[in-house]
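Reader: I have a model open and would like to go through some of the labels used for it. Could you walk me through them?

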Amino acid sequence: MVKIKKVNEDGLIWRIIVVALASLLMALNINTFVHAGGLLPGGASGLTLLLQEIFLKFFNIKLPYTLINLLINAFPVYIGFRFIGKKFTFLSCWCIVLTSVLADILPSLPVTNDILLISIFGGLINGVAISMCLLKDATSGGTDFIAIYLSEKKGIDSFSVPLGINACILIAAGFLFGWDKALYSIIFQYVSTAMIRLIYRKYQKATLFIVTNKPKEVCDVISRESNHGATVLEGEGSYEHCERNVVYSVVSSEETSRIVRVIKEADPQAFVNVLKTERVVGRFYQRPTD
């Protein structure tokens, strides 16, 4: 019992460290690429920067990033605490607060004035930072809370939803401050979302077709490694005209590499076909967020 508790504590400490590094990366990205290009990164951060610009331009009031960002994230944090998980919400709050404070205190260090490069590479860095949080069961706040909530409820990858919400923010920015920066911000956000979907695959699914002579062993390792079931189909090899078993299973995309490895350990002669799955209807085990 003591050993398990120690492992859990070490795991939480490691998650806190990774989320802190992601927060630092996000704050640096805001104070280099985002500010240099005058872009809006989307989500709570984008809305915060938009409100800062509105108050500065129309009322000549400079509002601190931290204050606005914390107020905007109050309701998404409630959603996380109420419907997703307490540790998840704690780590997300840690990310929100740390990113906000660092964005206020770190100096602005422009890397380039080429706005297209800023949009692309700023989006890449933003996507990597957010993915670091997501991989440790946390989020950078704002629309990510909504995406994870919908993914948990619907069992689908909902990280395209923030892109639509962010488009509304950017349209407002276009009307107020000009369309050039708004359109470049859309490029920034699209690249960021593409990077998240490339790295973070918890809510994406893959179908496995395994041709094997050891169906029981293959089903056992799938169940042990992923907590997913499998269906055994009887078939015939077209070349040797002998009986073959086909094991069919749907797993999370993030588990695929590990499961394929243990399948090959159980049956080195197994033939494994991995297919991208768009949607699953029915019972599908999803690892809960703590």
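**Labels and their cut-offs**

Author: Gladly! In α3, L70, L71 and I72 meet A74, F75 and P76 of α4, where contact means heavy atoms within 4.5 Å. This is a predicted model, in which local features need pLDDT of at least 70, side-chain atom pairs count only at pLDDT 80 or more, and totals for chains, interfaces and linings use all residues. Residues are numbered from 1 along each chain as its sequence is written, and side-chain values use heavy atoms, with hydrogens and water left out.

Reader: Why are α3 and α4 called oblique to each other?

Author: Helix α3 (residues 65-72) and helix α4 (residues 74-84) pack at an angle of about 45 degrees. Angles under 35 degrees count as roughly parallel, over 145 as roughly antiparallel, 65 to 115 as roughly perpendicular and the rest as oblique, so α3 and α4 are oblique.

Reader: Why does T66 count as buried?

Author: Buried means under 20% relative accessible area (1.4 Å probe, protein chains only); T66 has 17% relative accessibility, so T66 counts as buried. T66 is found in helix α3.

Reader: What makes the pair of T66 and D104 a polar contact?

Author: Their side chains come to 2.6 Å, and a polar contact is a pair of N or O atoms within 3.5 Å, where within protein one must be able to donate a hydrogen and the other to accept it. The T66 side chain also reaches the backbone oxygen of S100, at 3.1 Å.

Notes
Axes fitted to C-alpha atoms, helices over the stretch in contact; angles between N-to-C directions. Helix = DSSP H or I, 4+ residues; strand = E, 2+ residues; numbered from the N terminus. Buried < 20%, exposed > 50% of the residue type's maximum accessible area, 1.4 Å probe, protein only.
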